[in-house]
Amino acid sequence: MSLVFDWSALSPLTAGPGTGGGLRRDPEDFVVQEVPLYPLAGEGDYVFVEIRKTGHTTAHVVRMLAAQLGLREQEIGVAGLKDRHAVTTQWLSLPAKAEKRLGALALDGVETVQVTRHTNKLAMGHLRGNRFVIRVRGAAGQGRHAREVLAVLEAQGVPNYFGPQRFGLGGVNAEEGLRVLRGESRLKDPRVRRFLTSSVQSMLFNRYLSLRLERGLYATLLRGDMAKKHDTGGVFQVEDAAAESLRAGRGELSATGTLFGRKVRPLAFDAGELEAEALAAFGLSPQAFASRRGDRRLTRVFLEGGSVTDTDDGYSVAFTLPRGSFATSVLRELMKTDVDTLAPVGDEGLATDSLAGGDE
């Protein structure tokens, strides 16, 4: 099976044709607002700056800020990485010593929204999610259809696929990641090697989720599943699949997939058989990921505040997703096109929209 990202290889939740259309003609067509994980204290040893940027990746802004403020890049905290080809609003944390220099900041395409204080440095993942407002052009008259599909996603959840941003321009990162796992890659940078092998983890997760959708197991559970409660985040192994599937049908909990690594056990029983099938499709075993820590990822997430507004040449869709999930998973269901597969490259060689969008 190919390791190149391809939407057509991943089963959608919703049936039938999509709205079609195109994205990102202008940066203002893709607007992202970071949703903080916690309220800011208004006092403390760290300066928190909310910025709105256009035409810059998060990494580029951090580099420029560090140079202008006389800081090391490591002293600037961010909760997530945001794309260059969008209008994105997010928080940065700075050491208190930088506050008196903020007035001299001058970055084209970057504006300061507000400044406050907090008691701790911002760290990757310290966000609840992201609010998106995305314009789909070239889809005139398709607003009604988009609303119908969005209603299904609100009721049943969004398939939590890793979007193409995770796999680099052309979707080929997992191919090089596989060479890293096999000891065949000449790349030496440990950070790049970790990122590439994470692409293989993501590809396997996508295959596992696609199999569940193909076989009607999206909103039901199998014996051996590691299910996660949406309200508390608690994870447990499913013994009584029928009883727990009733709760899953009500949206109380969902199955998780394995991001393989040394700290995470593969699934067991019926769920384990399905997971083994996904591994076999790529000729891999869990032991291949001993260099990774591993994790679990929900197979579906629930969007909030969804709405569709008609425009002269299509529609605008708004929704909020939890951290680690990708707006492209929503857009794929609406549009049924190769959403962002050839998107411009953003942070770390990938165009992030929500992870892990994607903020991760």
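Analyst: This is a predicted model. One place to begin is Ser325, where a polar atom of the side chain lies 2.5 Å from the backbone oxygen of Pro322.

User: What makes the pair of Ser325 and Pro322 a polar contact?

Analyst: The limit for such a pair of N or O atoms is 3.5 Å. The side chain of Ser325 and the backbone oxygen of Pro322 are at 2.5 Å, so the pair falls within that limit and counts as a polar contact.

User: Where is Ser325 found, and why is Ser325 called buried?

Analyst: Ser325 is in the loop between β14 (314-322) and α7 (327-335). Its relative accessible area is 2%. Buried means under 20%, so Ser325 qualifies.

User: How far is Ser325 from Asn173 in space and in sequence?

Analyst: The C-alpha atoms of Ser325 and Asn173 are 19 Å apart, and the two residues are separated by 152 residues in sequence. Asn173 is one of the buried residues of α3, and the buried residues of that helix pack against α4 (190-214).

User: How many aromatic pairs are there, and why is the pair of Phe5 and Phe167 called stacked?

Analyst: There are nine aromatic pairs. The ring centres of Phe5 and Phe167 are 5.3 Å apart, within the 6.5 Å limit, and their planes meet at 20°, under 30 degrees, so the pair is stacked. Phe5 and Phe167 are both buried.

User: What makes the pair of Phe5 and Phe167 a tie between parts apart in sequence?

Analyst: Phe5 belongs to the segment before β1 (30-36), while Phe167 is in the loop between β7 (158-159) and α3 (173-181), so the pair joins parts 162 residues apart in sequence. Phe5 and Phe167 also belong to a cluster linked by ring pairs, together with Trp7 and Tyr161.

User: Why is the pair of Phe48 and Trp91 called tilted?

Analyst: Stacked needs planes under 30 degrees apart and edge-to-face needs over 60. Phe48 and Trp91 have 50° between the planes and 6.4 Å centre to centre, so the pair is tilted. Phe48 is buried at 1% relative accessible area, and Trp91 is buried at 8%.

User: How do you know that the charge of Arg24 sits over the ring of Phe30?

Analyst: The distance limit to the ring centre is 6 Å. The charged end of Arg24 is 3.9 Å from the centre of the Phe30 ring and sits over that ring. Arg297 likewise lies over the face of Phe162, at 3.8 Å from the ring centre.

Note on methods
Residues are numbered from 1 along each chain as its sequence is written. This is a predicted model: local features need pLDDT of at least 70, side-chain atom pairs count only at pLDDT 80 or more; totals for chains, interfaces and linings use all residues. Side-chain values use heavy atoms; hydrogens and water are left out. Rings of Phe, Tyr and Trp (its six-membered ring) pair if their centres lie within 6.5 Å; planes under 30 degrees apart count as stacked, over 60 as edge-to-face and the rest as tilted. Helices (H or I, at least four residues) and strands (E, at least two) are DSSP runs, numbered from the N terminus. Buried means under 20% relative accessible area, exposed over 50%, partly exposed in between (1.4 Å probe, protein chains only). A charge sits over a ring if NZ of Lys or CZ of Arg is within 6 Å of the ring centre and within 35 degrees of the ring normal. Contact means heavy atoms within 4.5 Å. A polar contact is a pair of N or O atoms within 3.5 Å; within protein, one must be able to donate a hydrogen and the other to accept it, and residues adjacent in sequence count only if both atoms are side-chain atoms.
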